[in-house]
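Let's take a friendly walk through this protein chain. Have the structure open, and turn it as you read.

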Amino acid sequence: MKYYIGIDLGGTNIVAGVVDENYNIVSKASTRTNCPRPAQEIADDMAAMAIKAVEEANLSMDDIQWIGIGTPGIANSETGIIEYSNNLGFENTPMVEYIRKHIDKPVFIENDANAAAYGEYVAGAAKGAKNAVCITLGTGVGGGIVIDGKIYSGSNFAGAEIGHTVISVDGPQCSCGRKGCFEVFSSATGLVRMTKEKMAECPDSKMHALTAERGGKVSARTAFDAMRMGDDAAKEVVDFYIKCLAAGITNTINIFQPDVLCVGGGVCNEGDPLLLPMKALVAKEVYTRNSPKNTEIVIAKLGNDAGLIGAAFLGAAAAGRR
């Protein structure tokens, strides 16, 4: 049996895991990232968690083939340098070099959304596809693209920023500097913003009572839950959210025409009330709507483990890229 280490470096937590050749997570170890602090200190903790995960699996480093790291930001997979990560405060950070000071194994690095997409490609909802795109609806809208089994990251390692394609010119301000981005409308953050705006317009909406019951916090669930209670204002929010989501997904399909488009993130827990109308809109709007073969839209299967599993197999992805 072959084993690999995957490290999911996030703004909140560092998670390292040992993954076997059948994509099973054998063990995990985690610690807080505690940003901001020096990159070298974070690298020290990453290496420590990798070593701990190996010990938890009752293995030794001799059993490990390589280490893969998924990180926010622009990760240069050729040099091993994290060129920029606003979430972590990194700039031109030689992360592979830092890790190899602790562990003498090949180390591979990739953007975290790309790593998660690769995880779904090799072991999750996109398994068996030739070409796949994965979109994650979270704080932002993350994207990962796999073409002919290879992660596509562009000539500057910053590709697949699907969330920063515009679906409404001069729309709401996005954190990237543009206006009207897909992310502004279709992230969980965007859904919360639109819910709050509609609540301000409609003081009699059941969304107010739901929010009061939940400690005054508006969440991505608020509009969907109120819609199920028959609230018209909430239905307007949900309908518009789904319309924007379908627009962004249709744009992505029109560009890449993947076999599978995988959608993940907590918003997807809404199930059919989200998915069925969204798929119907995409089917009606996609350029290939008259084609006998169209992109299959599926829900991600691996959840928070996608990035860990994908990172663990970055060595295989690098071999494919070459």
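Both faces of strand β12 are covered: V260, C262 and G264 lie buried on one side, while L261 and V263 lie buried on the other. This strand spans residues 260-264, and five of its five residues are buried. Keep in mind that you are looking at a predicted model.

Which strands pair with β12? Strand β9, made of residues 131-137, pairs with β12 in the parallel sense over five bridges. In this pairing, T136 has G264 of β12 as its bridge partner. Strand β13, residues 296-299, also runs parallel to β12, and four bridges join the two. Here L261 has I297 in β13 as its bridge partner.

Now let's turn to the aromatic rings. How many aromatic pairs does a search of the whole structure find? The search finds six. A pair of aromatic rings is described by the distance of the centres and the angle of the planes. Two of the pairs are set out below.

| Pair | Centre to centre | Angle between planes | Arrangement |
|---|---|---|---|
| Y118 and Y121 | 6.2 Å | 20° | stacked |
| F185 and F240 | 6.0 Å | 80° | edge-to-face |

Why is the pair of Y118 and Y121 stacked? Planes under 30 degrees apart count as stacked, and the planes of these two rings are at 20°, so the pair is given that name. Y118 and Y121 are three residues apart in helix α3 (residues 112-123), so about one helical turn separates them. Both Y118 and Y121 are buried.

The edge-to-face pair of F185 and F240 links distant parts of the chain, with the two residues 55 residues apart. F185 belongs to helix α4 (residues 182-186), and F240 belongs to helix α8 (residues 232-256). F240, at 39%, is partly exposed.

F185 has another neighbour to look for: the charged end of R193 sits over the ring of F185, 5.9 Å from the ring centre.

Finally, find Y4, Y23, W66, F108 and F313, which ring pairs link into a cluster.

How values were computed. Residues are numbered from 1 along each chain as its sequence is written. This is a predicted model: local features need pLDDT of at least 70, side-chain atom pairs count only at pLDDT 80 or more; totals for chains, interfaces and linings use all residues. Side-chain values use heavy atoms; hydrogens and water are left out. Rings of Phe, Tyr and Trp (its six-membered ring) pair if their centres lie within 6.5 Å; planes under 30 degrees apart count as stacked, over 60 as edge-to-face and the rest as tilted. Buried means under 20% relative accessible area, exposed over 50%, partly exposed in between (1.4 Å probe, protein chains only). A charge sits over a ring if NZ of Lys or CZ of Arg is within 6 Å of the ring centre and within 35 degrees of the ring normal. Two strands pair if DSSP finds at least two bridges between them.
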